[in-house]
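Hello,

Here is the structure I promised to pass on to you. Please have a look at it first, and then read my notes below.

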Amino acid sequence: MTTLTTVAVGEQGITGDSQLRSNGFTAADRRSYSALFVMDHFLSRKRVDRLFPNWRTGVQARMLQSIRQHGEGRAVPLPRVRNLDRKTFMKEFVAKSHPVVFEGAAKDWECCRKWTFEWIREKYGDDDVYLVDHAAADRNSLPAESEHLTLANLIDGIDHGSMKYARFHPLLQRHPELRDDIDQAWLTAHLTNPRTSWARFYTLFLGGKGTDTAIHCAPNENIFVQVHGRKKWRLYPMDHMAIFDPPANRSVYKFTYYRTDQPEDDRFPMSRHMDWYETELHAGDVLYNPPYYWHHVSNPVSSIGVGCRWSNLRTTWIASPLLATLELFNTDPNVIKGALMAMKDFNSVLAQSRNSSLIRD
Ligand SMILES: O=C(O)CCC(=O)C(=O)O
């Protein structure tokens, strides 16, 4: 579903108040879910379920009963804005941990004018791409756990229907001159707080029609620039975490085995009743995605996009005190190593989170 409901500032109150129906989970069940997740993080799910054999199934059954009142879940258009001033953005979206699209904000930026598959191939074709098959949850899984190839090879493959997708690729980390093609003044104006927004880094997503990135979330804030082609985003608030039932993997990269294209009723019975936000980004659109907002992204056509990311303790805490606290006890990798690895090549974090000993146990 394409959402073109542009909301002009001033015409109606711009609000980041959620338009999704509440899942109706009780506070007691939410607390139980969090307690189980914390214990999973330290002990592993297997041990927790051995210690408390009926606790998880009881919580899940009650949560299912609550959300079932919805009937079928539905897609809600994500708010799209033009000319949103910084104060309103901070108050209505950042402080409420709510995503929003800045429609056409980047359409005159150099990246949108200049970057095409051919241009990138010509300038950076020798660049090494590290592909990681994460979570066995992507539609376009790889035959191996990981693979290296050149950017030129990957781009050539797209013309022949290849599903190899450069996700979280560190092109702008390796070639900082490319950052000048993104309006840095605009970015800085949209940072939560330029003095407390740390560990800034950029990730490129470049792939052909039909590629996608499975549902995940992370503690960073993300200003995502759609450079070329289109992208469909589905976004899900933190309260949906119990629905996705992600493994506690002691990593910044949280993923679920739930797939939007193959919903499994027996494994994720609540999912058919959940609402979600949906939007399609066109070249020049910019999306703000707050920390821990779960998302699934698919490319209906060949597409290039860049995620501009940073960490901010305050917004991470607002989004999820639970996950923010657990980050301190990450081991796959730990929080400091994870930040350094992310800035070098986020795919190394994916590789380690995918193989977390906690999941393999
Ligand atoms: O564009 C994509 O495929 C995924 C983007 C994404 O997940 C992100 O920037 O966090």
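What follows is a short tour of what I found, from the whole chain down to single residues.

First, two points on how to read it. This is a predicted model, in which local features need pLDDT of at least 70 and side-chain atom pairs count only at pLDDT 80 or more, while totals for chains, interfaces and linings use all residues. Residues are numbered from 1 along each chain as its sequence is written.

**The whole chain**

The chain holds 14 helices and 16 strands. These are DSSP runs, numbered from the N terminus: helices are H or I with at least four residues, and strands are E with at least two. With 361 residues, the chain has a radius of gyration of 20 Å, close to the 21 Å from the globule rule, so it is as compact as a globular protein of that length. That radius is taken over C-alpha atoms, and the rule is 2.2 Å times the number of residues to the power 0.38. Along the principal axes, the C-alpha atoms fill a box of roughly 60 × 50 × 40 Å.

Of the 361 residues, 46% are buried. A residue is called buried if 20 or more other C-beta atoms lie within 10 Å of its own, exposed if 12 or fewer, and partly exposed in between, with C-beta atoms placed from the backbone. Taking contacts between residues at least 6 apart in sequence, 85% join residues at least 24 apart. Two residues are in contact if their C-beta atoms, placed from the backbone, lie within 7 Å.

**Around the ligand**

Which residues surround the ligand? They are R167, F205, T213, N222, F224, K231, H295, V297, G305 and G307. Strand 10 (221-228), strand 15 (294-298) and strand 16 (303-311) are the elements that each give two or more residues to this shell. By type, the shell divides into three nonpolar, five polar and two charged residues. Here Ala, Val, Leu, Ile, Met, Phe, Trp, Tyr, Cys and Pro count as nonpolar, Asp, Glu, Lys and Arg as charged, and the others, Gly among them, as polar.

Helix 3 (residues 55-68) has 14 residues, which at 1.5 Å a residue should span 20 Å; its end C-alpha atoms are 20 Å apart, in agreement. The expected span is 1.5 Å times one less than the number of residues. V59, Q60, M63 and I67 are the buried residues of helix 3. They cover an arc of only 95° around the axis, which puts them on the same side of helix 3. The arc is that of the directions from the helix axis to the C-beta atoms. An α-helix has 3.6 residues a turn, so residues three or four places apart point the same way. The buried residues of helix 3 pack against helix 1 (27-43) and helix 10 (241-244), while T57, G58 and A61 are exposed on the other side.

In helix 7 (residues 151-158), the buried residues are L151, L154, I155 and I158. Seen down the axis, they fall within an arc of 95°, so they line one face of helix 7. Their cover includes helix 6 (117-124), strand 5 (128-132), strand 6 (146-150), strand 7 and strand 8 (198-207).

**Backbone details**

D332 and P333 are joined by a cis peptide bond, with omega about 0°. P333 lies in the loop between helix 12 (321-327) and helix 13 (335-354).

F168 is a residue other than glycine with a positive phi, near 50°. F168 belongs to strand 7 (residues 166-169) and counts as buried, with 24 C-beta neighbours inside 10 Å. Y292, also not a glycine, has a positive phi of about 60°. You will find Y292 in the loop between strand 14 (286-289) and strand 15, and Y292 is buried, with 22 other C-beta atoms within 10 Å.

**A few distances**

R31, in helix 1, is exposed, with 12 other C-beta atoms within 10 Å. The C-alpha atoms of R31 and K231 are separated by 35 Å, and the two residues are 200 apart along the chain. R62 sits in helix 3 and is partly exposed, with 14 other C-beta atoms within 10 Å. Between the C-alpha atoms of R62 and C111, which are 49 residues apart along the chain, there are 49 Å.

Enjoy exploring it!

Technical notes:
Near = placed C-beta within 6 Å.
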